[in-house]
Amino acid sequence: MPQTSSLGHAPVKRGFIRQLGVDTVYSIFGLVLAVMSFTLIITGLALGIGLLITVIGFAVLALTMLIARGLADMHRIGIGGVLGRPSPRPAYRKSQPGDGWFRKTLSPLRDPQSWLDVLAGIIDLPFAIFAFVVAVVWWAAGLGGITYGLWDWSLPHPPDNKNLNDFLGLGHSAAARIWTNEVIGVIFVLTLPFAIRGAAMLRAIIARALLSGIAEMRHQIVGLQEQNKAAASAEVTALRRLERDIHDGPQQRLVRLAMDLGRAKQQLDSDPVAARATIEEALGQTRETLDELRALSRGIAPPILADRGLESALDALAGRNPVPVDLAIAPNLGKLTASVETTAYFVVAEALTNTAKHSAAQACTVTVARNAGLVGVVVTDDGQGGAHVAKGHGLAGLADRVRAAGGTLTVTSPIGGPTEICAELPCE
Amino acid sequence: MRVIVADDAVLLREGLIRLLSENGHEVVAAVGDGPSFVSACLALTPDVSIVDVRMPPSHTDEGLRAAVTVRQSLRGSPILVLSQYVEVSYADDLLADRAGAIGYLLKDRVAEVADFLDALTRVAAGGTVLDPEVVGQLVVRRGRAPLDSLTPREREVLSLMAEGKSNTAIARQLVVTDGAVEKHVKNIFTKLDLPPDEEQHRRVLAVLTYLRG
């Protein structure tokens, strides 16, 4: 099973014919829903407002809103089908446990989304009628027109009957009449999907704004909060690791270096030969310290990435990897922001490190491509699998890092392999 | 030799100047950024210059670009590039003009003073000197069949050749005779089907071209 840390939904792409079917059903049967909503809501509002002077009016209004809510839920399903992405249901206000019966009754009235449901139920009608008319006219004219040749005989044709062909000056013959109707039929059939799609989308987009606008915004805010949390968590993890690495590596070595130099200073007078050996050792220590520092700063912000961009940086990364890497970078990558480049770089770096450490792979491939506002980074290896984004693995930090950039990380790594690590990052 | 030193870190610049002076070289200019390095080189035409990669004003690969600029005006002006990092793609930029007299080393190599001064002399004399790490990346990357046909010793010799070492230097490092190295070199050139060349920097280029595939 792929483990995904995912935000949001990509729109569903339906087949042409299927989408036409969905749009038609939405336009034809949707009118029933729209008429029902309009009548029930207008009646309920009128009745409720009229009765407001008695307390019963509030109850009637609240009931109207609950009805509007139910109808809105049905409409949301239809909208999801037309727009190819779900129309989320907002979290409606719930009555609090301590509320008295009166407050409980009124709680629908105190929810702004209730009023939006009511508004949507009312203004939906003209758009629903428009979509219905378009659907019926186009289907009827299209199907009727292209089959006209088959049933022309069944119509009465008195001599003084004036048809469209007569007005267009195409003559009064049966052929002219049939051809004119066939051409009209073809025109309607060809424009059918677009006309129906347009009318259905117009209705669905307006309804969605009212029915799911708030939910959508809240969803985005929650998404952003998660992104921030991931960013904070990635940063804390990275800083902790950095501190530990500095402490275990260069810091220890510098202390040792100071010790060795101190010893050498003592030895200089008493035993110059030993002093030479100690200094030699100290030189070795400095070299290793520098190596470690270099590896550390590459892990924070690889200089070649800033100097030369992602392609060169990945090339260098592949060159240093102990397992042979087949690198394929799409030529249309273009200019990416520093944050996207850095995240993409670390996806590859972590994935390759993981591969080299755990997978026993013989070969890996790295693919970077850009498509429709997303940069995709895929790292695969032919190793033994079992990689995991769970805590404690190197990939957990990576998942946070990718989420912080607003992207998703998918790890597919069945036991026995192969492993595929895929990151999708949004880019402008 | 008359040397120009370019490094924005005063500590390292002063250290280099001291090291060079103590070994009988004259530092004719010490600068701290790319543009001043270019103008100093063009004005003073030193025997060799030493330049750091990361310098102001851009704080990226300034020194590298400055070195390329200098050599566009003064073809083959000997330059030894020092850096905290070595990357194959940077080496490519430096070798692109195929004029020799170029070096690219990790800064740490200065610690081996004798080796460092030897590299500097070789660059000044028109040779090409590459850091073992660059060569290592190239050799690892190309796990191809002809390379596999080399004996381990021959691969060692190949790497040292790519770093720009002379046969004598290779012999000294591997503790074998000059004759043995010559034999290895001849075998390598035959196995890899490389054109034999006596000129040091052309030999390095031939080997590198081969390694790049």
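**Entry 1: a helix in chain B**

I began with helix α10 of chain B, residues 178–192, and checked its length: at 1.5 Å a residue, its 15 residues should span 21 Å, and its end C-alpha atoms are 21 Å apart, so the two agree. The expected span here is 1.5 Å times one less than the number of residues. Helices (H or I, at least four residues) and strands (E, at least two) are DSSP runs, numbered from the N terminus.

A note on the source: this is a predicted model, where local features need pLDDT of at least 70 and side-chain atom pairs count only at pLDDT 80 or more, while totals for chains, interfaces and linings use all residues. Residues are numbered from 1 along each chain as its sequence is written, chains are lettered from A and ligands numbered from 1 in the order in which they are written, and side-chain values use heavy atoms, with hydrogens and water left out.

Which residues of α10(B) are buried? I found B:Val181, B:His184, B:Val185, B:Ile188, B:Phe189 and B:Leu192. They cover an arc of only 130° around the axis, so they sit on the same side of α10(B). That arc is taken from the directions from the helix axis to the C-beta atoms. Buried means under 20% relative accessible area, exposed over 50%, and partly exposed in between (1.4 Å probe, protein chains only). On the face turned away from the buried side I noted the exposed residues B:Lys183, B:Lys186 and B:Thr190. After α10(B) comes B:Asp193, with a positive phi near 60°.

**Entry 2: chain B as a whole**

I listed eleven helices and six strands in chain B. Of its 213 residues, 53% count as buried. I then looked at contacts, meaning heavy atoms within 4.5 Å. Among the contacts in chain B with a separation of 6 or more, 66% are between residues 24 or more positions apart.

**Entry 3: another helix, and its cover**

I repeated the length check on helix α3 of chain B, residues 62–73: twelve residues should span 16 Å at 1.5 Å a residue, and the end C-alpha atoms are 17 Å apart, which agrees. Its buried residues include B:Leu64, B:Ala66, B:Ala67 and B:Val70. What covers the buried residues of α3(B)? The cover includes α9 (303–308) of chain A, as well as α2 (34–44), β3 (48–52), β4 (79–83), α4 (88–95) and β5 (102–106) of chain B.

Most residues other than glycine have a negative phi, and most peptide bonds are trans. I looked for exceptions. The peptide bond from B:Pro56 to B:Pro57 is cis, with omega near 0°, and B:Pro57 lies in the loop between β3 and α3 of chain B. B:His59 is found in the loop between β3 and α3 too, and has a positive phi of about 55°. With 43% relative accessibility, B:His59 counts as partly exposed. B:Thr45 has a positive phi near 35° and lies in the loop between α2 and β3 of chain B. B:Thr45 is partly exposed, at 41% relative accessible area.

**Entry 4: where the chains meet**

Next I turned to the contact between the chains, which takes 18 residues from chain A and 19 residues from chain B. Together the chains bury about 1700 Å², 41% of it on carbon and sulfur atoms. In chain A, A:Arg294, A:Asp307 and A:Arg308 supply 35% of the area that this chain buries against chain B, more than any other three residues. Buried area is the accessible area (1.4 Å probe) that two parts lose on being put together, summed over both.

**Entry 5: rings in chain A**

I counted five aromatic pairs over all chains. Why is the pair of A:Phe58 and A:Phe102 called edge-to-face? Their ring centres are 6.2 Å apart and their planes stand at 80°, so the pair gets that name. This pair links distant parts of the chain, with A:Phe58 in helix α2 (residues 56–83) and A:Phe102 in helix α3 (residues 101–106) of chain A, 44 residues apart. A:Trp101 and A:Phe102 are edge-to-face as well, 5.8 Å centre to centre with 80° between the planes. Rings of Phe, Tyr and Trp (its six-membered ring) pair if their centres lie within 6.5 Å; planes under 30 degrees apart count as stacked, over 60 as edge-to-face and the rest as tilted. Ring pairs link A:Phe58, A:Trp101 and A:Phe102 into a cluster. In it, A:Trp101 is exposed at 66% relative accessibility.
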